[in-house]
Amino acid sequence: MAESSINDFHSSYPHPDYAEIVVVRHGETTWNADGRIQGHLDVELNETGRQQAAAVAVRLSREPKVSVIYSSDLQRAFETAQIIASRCGGLEVVKDSDLRERNLGDLQGLVYHEIAKTNPMAYKAFVSKNEDQEIPGGGESLVQLFDRCSSALQRIGTKHKGERVVVVTHGGFIRSLYKWACPNGRPAGKILNTCVNVFHLYGEDKCTLKVWGDVSHLSQTGFLESGFGGDKNSG
């Protein structure tokens, strides 16, 4: 599925039956542009990424009020979250390590198009159809990632029922949330830097997707068309 843009979406005001969670991918990094796998490695935003963060911050400041911002503790996400928070009236940013990207083990720091040759064992694990397959070097399986992501969002949603919350995280994390909300949906497609995705959490077992992959705020800034780090080669 190509990334979809929902330009005319007007977010619902906080509703007592659910938490509205606006999930934003971090801005661009040099490693995204170079096709280098990040995972848990701590890479900062590049200048384009900071401009993207400023653009999504302006957008969110014009939408219904946000109660709090949660962020992965990796600096590419945390810096994005801080830029959003500053624009939205100085909101608190809560660091949460459970919002990190997938741990990609021995593949972290490598250029994606070279990994089949440079680390064939880890590459084989990465492309395996077995979702329980862990990646050598401490990497997570897709099942482990899914459990971490869904649990983290459930925890935030339960705490903030009836509120609107922003979560700043990573491509692999957001792909897992899509799988949770749309288990029978089409492939997630590319998750571009600072795309906006809106989920409604009604409780521990019900998560619905309202907006997916919206980057209408990047019309002036532009974005990395490959979506690296937010495509199936997440990291």
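User: How many nonpolar, polar and charged residues line the largest pocket?
Analyst: Heads-up: this is a predicted model, where local features need pLDDT of at least 70 and side-chain atom pairs count only at pLDDT 80 or more, while totals for chains, interfaces and linings use all residues. Residues are numbered from 1 along each chain as its sequence is written, and side-chain values use heavy atoms, leaving out hydrogens and water. Here Ala, Val, Leu, Ile, Met, Phe, Trp, Tyr, Cys and Pro count as nonpolar, Asp, Glu, Lys and Arg as charged, and the others, Gly among them, as polar. Sorted that way, the lining has 11 nonpolar, 7 polar and 8 charged residues.

User: Which helix gives the most to that lining?
Analyst: A pocket is an open set of points on a 1 Å grid over the protein atoms alone, where a 1.4 Å probe fits, with protein on both sides within 12 Å along at least five of seven lines; lining residues have an atom within 4 Å of a point. Helices are DSSP runs (H or I, at least four residues), numbered from the N terminus. With 5 residues, the top contributor is H7.

User: How many disulfides turn up?
Analyst: A disulfide needs two cysteine sulfur atoms within 2.5 Å. Take Cys-195: its closest cysteine sulfur, in Cys-182, is 14 Å off, so that's too far for a bond. Searching the whole structure gives a count of 0.

User: Is Cys-195 buried or exposed?
Analyst: Buried means under 20% relative accessible area, and exposed over 50% (1.4 Å probe, protein chains only). Cys-195 comes in at 1%, so it's buried.

Conventions
Helix = DSSP H or I, 4+ residues; strand = E, 2+ residues; numbered from the N terminus.
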